[in-house]
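Hi,

Here is the model I said I'd pass on.

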Amino acid sequence: MTKRFGGSVAVDALELKIPAGTYCCLLGPSGCGKTTSLRMLAGHERQSSGDILLDNHEVSGLPPAQRGTAMMFQSYALFPHLSCLDNVAFSLRMRGVAKAERHAKARRMLALVELEALADRLPAQLSGGQQQRVALARALVTNPSALLLDEPLSALDPFLRGRVRAELKRFQRELGITFVHVTHSQDEALALADLVVLMRDGRIEQQGTPLEVFDSPRTAFAARFMGGHNVIGLPGGLVAVRTDRTRLLPVAEGAVAATIRGIEYTGTGFAVALAGPRGEEWQALLSEAALRAQPWEAGQDAGLGWDEVDVRHLAAAA
Ligand SMILES: Nc1ncnc2c1ncn2[C@@H]1O[C@H](COP(=O)(O)OP(=O)(O)OP(=O)(O)O)[C@@H](O)[C@H]1O
């Protein structure tokens, strides 16, 4: 599918197949078209061209409530004057479901997110994480075959974010439905996704399992965005080497050399910041044992070393 806003292309011939029951993360920098893609799946935005199929049915012509998708928004926007139970039951009320039935269903959803005991509270009487779970229950109450989540963790503090992240994964596994989760956080995508879709300028840069996308970036953009890699220009072209697989050696003729800018203790080892000859910023993660065996210091020059199996050849820039 493609989405144009006036003369600019926000999503450019995106072609993506998400197997049922997959936890898919759309990942990428600000403005790459993640949210627009999600909004087209949800039916809140009409694509300029292309088709959207859900369970092999074309859904593009259907309004959001009839697509079999449900969306959980960036700000979870619960109705402040409605109890948790009525918030969760709201969309069923809109569909004309009788009160007893919709309340029974909403209670089951609140039980799933372990908030049954707080059913009668107002949103303001809940913590941020609890409100998040009510929002999730509200999205799931219509039995969607795909749940669409737009930066669902961004409003939470780091501690809660970790907890809710684990809960999201658990709910997805238990329910067995497809989740499509928009995020700009590599950590989030690596932790949650079965399928990571890395986007850039409205296109898919790379897709695969978290291990594939992190460990085998195909482009310099993917290596830099996923992090944990040094992008190094060799006579044969650009390569990426993971920072934890990059070693420091005495400077040798013909080897890639760099100047040590600083060394930070990380708790599990040391992060050595390096500056390349053309201003490149590199890093080597060394173990305590490695630094004890060869005590490097800021200001020294060092050669970079790696094993051939750790080299990823990158596609030339488009
Ligand atoms: N309603 C709109 N009218 C015009 N341009 C838009 C509109 N919505 C989005 N865009 C543009 O489309 C591009 C993609 O936006 P989108 O919100 O999908 O990016 P994103 O990857 O979700 O970014 P972020 O992480 O910042 O939310 C951007 O250049 C944006 O400015």
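Let me start with a helix pair: helix H4 (residues 128-140) packs against helix H5 (residues 158-175) at an angle of about 25°, and their axes are 10 Å apart. Axes here are lines fitted to C-alpha atoms, for helices over the stretch in contact, with angles running from 0 to 180 degrees between N-to-C directions. H4 and H5 are therefore roughly parallel to each other; the scheme calls angles under 35 degrees roughly parallel, over 145 roughly antiparallel, 65 to 115 roughly perpendicular and the rest oblique. H4 crosses H5 in the right-handed sense, where right-handed means that the near helix is turned clockwise from the far one by less than a right angle, and left-handed that it is turned anticlockwise. On the H4 side the contact is made by Gly-128, Gly-129, Gln-132 and Leu-136, and on the H5 side by Leu-160, Arg-163, Val-164 and Phe-171. Contact means that the C-beta atoms, placed from the backbone, lie within 7 Å. By class, the contact of H4 with H5 has 4 nonpolar, 3 polar and 1 charged residues. For the classes, Ala, Val, Leu, Ile, Met, Phe, Trp, Tyr, Cys and Pro count as nonpolar, Asp, Glu, Lys and Arg as charged, and the others, Gly among them, as polar.

Before I go on, the bookkeeping. This is a predicted model, so keep in mind that local features need pLDDT of at least 70 and side-chain atom pairs count only at pLDDT 80 or more, while totals for chains, interfaces and linings use all residues. Residues are numbered from 1 along each chain as its sequence is written. Helices (H or I, at least four residues) and strands (E, at least two) are DSSP runs, numbered from the N terminus.

H4 also meets H2. The axes of H2 and H4 come within 7 Å and cross at roughly 30°, so these two helices are roughly parallel as well. Their crossing is right-handed. Cys-84, Asn-87, Val-88 and Phe-90 of H2 touch Val-134, Ala-137 and Arg-138 of H4. That contact divides into 5 nonpolar, 1 polar and 1 charged residues.

H2 has another partner in H3. Helix H2 (residues 84-94) and helix H3 (residues 99-112) pack at about 125°, with axes 9 Å apart, which makes H2 oblique to H3. This crossing is right-handed too. From H2 come Cys-84, Leu-85, Val-88, Ala-89, Leu-92 and Arg-93, and they meet Arg-102, His-103, Lys-105, Ala-106, Arg-107, Met-109 and Leu-110 in H3. The class count for H2 with H3 is 8 nonpolar, 1 polar and 4 charged residues.

Within it, strand S3 (residues 23-27) and strand S9 (residues 195-200) run parallel over 4 bridges, and Cys-24 sits opposite Leu-195 in S9.

Another open sheet has 3 strands, S11-S12-S18, with antiparallel pairing. Strand S11 (229-234) and strand S18 (312-313) are at the edges with a single partner strand each, so one side of each has no neighbour in the sheet. Strand S12 (residues 237-242) is joined to S18 by 2 bridges, with Val-239 opposite His-313.

Strand S14 (residues 257-265) pairs antiparallel with strand S17 (residues 301-305) over 3 bridges, and Ala-257 stands opposite Gly-303 there. S14 is also joined by 6 antiparallel bridges to strand S15 (residues 270-275), where Ile-260 has Leu-274 as its bridge partner. The hairpin of S14 and S15 has 4 residues between the strands, and Gly-267 in it takes a positive phi near 100°.

Which residues surround the ligand? They are Phe-5, Ala-10, Gly-28, Ser-30, Gly-31, Cys-32, Gly-33, Lys-34, Thr-35, Thr-36 and His-184, taking a residue as near if its C-beta atom, placed from the backbone, lies within 6 Å. Helix H1 (residues 34-42) gives the largest share of this shell, 3 residues. By class, the shell has 3 nonpolar, 7 polar and 1 charged residues.

Cheers

Notes: Contact = placed C-beta atoms within 7 Å. Pairing = 2+ DSSP bridges.
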